[in-house]
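Here are a few notes to read alongside the model. Have a look at the picture first, then work through the points.

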Amino acid sequence: MEVRIRVSWDRSLETGDPEIDEQHQELFRRIDQLMAATHDRRARAEVGRLLTFLGDYVVSHFEAEERIMVEAGYPAAPAHRAEHQHFVTEYGRLFQDYQADGPGSVFVIKFGNRVTAWLCEHICRTDRRLADYLATQRDHRDAHSGQ
Ligand SMILES: [Fe+2]
């Protein structure tokens, strides 16, 4: 059975922070590219490379968010960072599954479900809370600078 899981970012995942939202959109583009490659027999050789490509982006995106949190003095930063670390560990496990089993249906379903479910959950709750905090900080600053 061929499985083509389509993954796309939509407005319900918007946090309201332009930098974070742009990176989330790129994350979903890369996941979809990976899912497309697992579906296309000729592109399967690309799957390992795309997994690495996506994993690298995830890490740099998390680093960007963590930098933003530190700069903003975000009080919930440690818990947020812990969620990121948990995901990186989980991603490493999925990568091992891929190395052991290849890009077959089992891997695709597992990967598609776990990665997108985690991201949607994390974006909708944890990242949105961060974006709300950043918006409040901005309003506060604007009020003090008389804007
Ligand atoms: Fe995050």
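1. First, the ground rules. This is a predicted model, where local features need pLDDT of at least 70 and side-chain atom pairs count only at pLDDT 80 or more, while totals for chains, interfaces and linings use all residues. Residues are numbered from 1 along each chain as its sequence is written.

2. The overall layout: the protein chain has four helices and zero strands, running α-α-α-α from the N terminus on. Helices here are DSSP runs (H or I, at least four residues), strands are E runs of at least two, and both are numbered from the N terminus. The C-alpha trace spans about 60 × 25 × 20 Å along its principal axes.

3. How do α2 and α3 pack? Helix α2 (residues 47–72) and helix α3 (residues 77–101) meet at an angle of about 175 degrees, with axes 11 Å apart. Axes are lines fitted to C-alpha atoms, for helices over the stretch in contact, and angles run from 0 to 180 degrees between N-to-C directions. That angle makes α2 roughly antiparallel to α3 (the label applies over 145 degrees).

4. Who makes that contact? Among the residues involved are Leu 51, Val 58 and Phe 62 of α2, and His 84, Val 88 and Tyr 91 of α3. Contact means C-beta atoms, placed from the backbone, within 7 Å. By class, there are 12 nonpolar, four polar and two charged residues.

5. A check on α2 itself: at 1.5 Å a residue, its 26 residues should span 38 Å, and the end C-alpha atoms are 37 Å apart, which agrees. The expected span is 1.5 Å times one less than the number of residues. Just after α2, Gly 73 takes a positive phi of about 60 degrees.

6. Which residues of α2 are buried? They are Val 47, Leu 51, Leu 54, Val 58 and Glu 65, and the buried residues of α2 pack against α1, α3 and α4. Buried means 20 or more other C-beta atoms within 10 Å of the residue's own, with C-beta atoms placed from the backbone. Over the 147 residues of the protein chain, 18% count as buried.

7. Now the largest nonpolar core: of its 15 residues, Ile 31, Leu 34 and Leu 54 touch the most other members. Such a core is a set of buried Ala, Val, Leu, Ile, Met, Phe, Trp, Tyr and Cys residues joined through C-beta atoms within 7 Å. The elements giving two or more residues are α1 (18–39), α2 and α4 (105–144), and α4 supplies the largest share, six residues.

Key. Angles under 35 degrees count as roughly parallel, over 145 as roughly antiparallel, 65 to 115 as roughly perpendicular and the rest as oblique. Two residues are in contact if their C-beta atoms, placed from the backbone, lie within 7 Å. Ala, Val, Leu, Ile, Met, Phe, Trp, Tyr, Cys and Pro count as nonpolar, Asp, Glu, Lys and Arg as charged, and the others, Gly among them, as polar. A residue is buried if 20 or more other C-beta atoms lie within 10 Å of its own, exposed if 12 or fewer, and partly exposed in between; C-beta atoms are placed from the backbone.
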